Amino acid sequence: MQETAGQGIYVHVPFCRGKCDYCGFYSVASPAWRGTYLDAIERETRERAGAFPSRRATTLYVGGGTPSALSPGELGRVVDALERELSFDAGAERTIEVNPEDVTRENLSAWRSMGFNRLSIGAQTFSDDNLRLVHRRHSARQAIDATRAAADAGFDNLSVDLITGLPGQDDDTARRDIETLTRLPACHASVYLLSVDPSTRLERLARQGKLALAGDDELAARFAWTSERLAGAGFEHYEISNFARDGRYARHNTAYWQRRHYAGLGPAAHSFDGRARRWNVAHVKRYADAVLSGAPCFEEEILGDADRYNEYVMTSLRVTWGASRRVLREEFPAFYERARPAWERLLDARLLREDNDHFRPTPAFWIISDALLPGLFSA
Ligand code: SF4
């Protein structure tokens, strides 16, 4: 796999204290294998970094799982391994995902001393009833206090995650969540529409008819007023699920949506080098065994021209900056020409708008993008 100068680094920490009902991310609710995992991360970092020509990292994102479930000593091993092998740009965004119950004064100070300058706080909702229903392990008060404590500790780049459509959540509680968010010292928010992932407890309950979930129309209406309310509070809706104040976009994630290169370390982590996508095995023991024995721990797919076109369309229309006509014309002339009537129809329907030679998505496009995108794709 060809690596390039300067890229985002993602580290997947696959440990949680318990599994939340809706969560489809790879993680295990057991501390077993933590030591072996850390040994493997150190080795994967050493071996992969040698293939980055400049050894330069532009952003770091430690996600999971629950990275904040690692002790400062354990997390320090991850950061030390990265810093031994890579050179981080001055002022590089360095994000760690944290759960509210882990935000203590000691941890805040440890995370800062490790160079993290951005926290992504998993609040999910500010309703204790809804938190309990999906088996989160913190209260609404803890999420609010965690955000304020992080700001007091000097973190000025805070993001808060919420989910709309959780079981038990009605319009009023969803609106109250957004109102609470606007009062927090966060410059970034991710507000996800609940998706029912296969193999989650939520999916099982829904299949058994034991859950009443909001319908598509209700979710679409919430999406629309969330966008409006957050705009009123100074948040720009710059990606389907992401909002930023004062241009404080998530730099690491924005790179994903702009086809920049990134390397993912740890089980289930994905990498992209412009030519191929690769993904590490989503199993902590199999990942660690492979890395520590020098065997491959990943699968890889070389992207063909049609894949690259489809990916460009899908990722560029996730963000407000949109898809460039020039890129479409010059890099994907045949695919673009074939899909051109569909692009024009979306302009006519005002689901896309044209600006500075770009097709830019509207919030109305985002609400139904799953249904619209296939019309633009190469078959
Ligand atoms: S939502 Fe977060 S804390 Fe809950 S299981 Fe998923 S990764 Fe773990």
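Trainee: What handedness does the crossing of H1 and H10 have?
Mentor: The crossing of H1 and H10 is left-handed, meaning the near helix is turned anticlockwise from the far one by less than a right angle, while clockwise would be right-handed. Keep in mind that this is a predicted model, where local features need pLDDT of at least 70, side-chain atom pairs count only at pLDDT 80 or more, and totals for chains, interfaces and linings use all residues. Residues are numbered from 1 along each chain as its sequence is written.

Trainee: OK, and at roughly what angle do the axes of H1 and H10 cross?
Mentor: Roughly 45°, and the axes of H1 and helix H10 (residues 284-293) come within 9 Å. Axes are lines fitted to C-alpha atoms, for helices over the stretch in contact, with angles from 0 to 180 degrees between N-to-C directions. Helices (H or I, at least four residues) and strands (E, at least two) are DSSP runs, numbered from the N terminus.

Trainee: So what do we call H1 and H10 relative to each other?
Mentor: They are therefore oblique to each other. Under 35 degrees counts as roughly parallel, over 145 as roughly antiparallel, 65 to 115 as roughly perpendicular and the rest as oblique.

Trainee: Which residues make that contact?
Mentor: From H1 there are Thr36, Tyr37, Asp39, Ala40, Arg43 and Glu44, and from H10 Val284, Tyr287, Ala288, Val291 and Leu292. Contact here means C-beta atoms, placed from the backbone, within 7 Å. By class, H1 with H10 has seven nonpolar, one polar and three charged residues. Ala, Val, Leu, Ile, Met, Phe, Trp, Tyr, Cys and Pro count as nonpolar, Asp, Glu, Lys and Arg as charged, and the others, Gly among them, as polar.

Trainee: How does H1 sit against H2, then: roughly parallel or roughly antiparallel?
Mentor: Roughly parallel. The axes of helix H1 (residues 34-49) and helix H2 (residues 72-85) cross at roughly 10° and come within 9 Å. Among the contact residues are Leu38 and Ile41 of H1 and Val78 and Leu82 of H2. That contact has six nonpolar, one polar and six charged residues.

Trainee: Switching topic: where's the cis peptide bond?
Mentor: It joins Gly64 and Gly65, with omega about 25°. Gly65 is in the loop between strand S2 (56-64) and H2.

Trainee: And what's the phi of Ser199?
Mentor: Phi of Ser199 is near 70°, a positive value in a residue other than glycine. You'll find Ser199 in the loop between strand S6 (188-193) and helix H7 (201-207).

Trainee: How is the protein divided into domains?
Mentor: Into domain 1 (7-256) and domain 2 (304-379), with bounds from an automatic or database domain assignment. Their centres, taken over C-alpha atoms, are 29 Å apart. Eight residues from domain 1 and six residues from domain 2 make the contact. On the side of domain 1 that touches domain 2, H8 gives the most, with four residues.

Trainee: Last one: in what order do the strands of the open sheet run?
Mentor: The order is S13-S15-S14, and the pairing is antiparallel. Strand S13 (323-324) and strand S14 (352-355) are at the edges, each with a single partner strand, so one side of each has no neighbour in the sheet. S14 and strand S15 (residues 358-361) pair over four bridges; strands count as paired if DSSP finds at least two bridges between them. Arg353 has Arg360 in S15 as its bridge partner.

How values were computed: Two residues are in contact if their C-beta atoms, placed from the backbone, lie within 7 Å.
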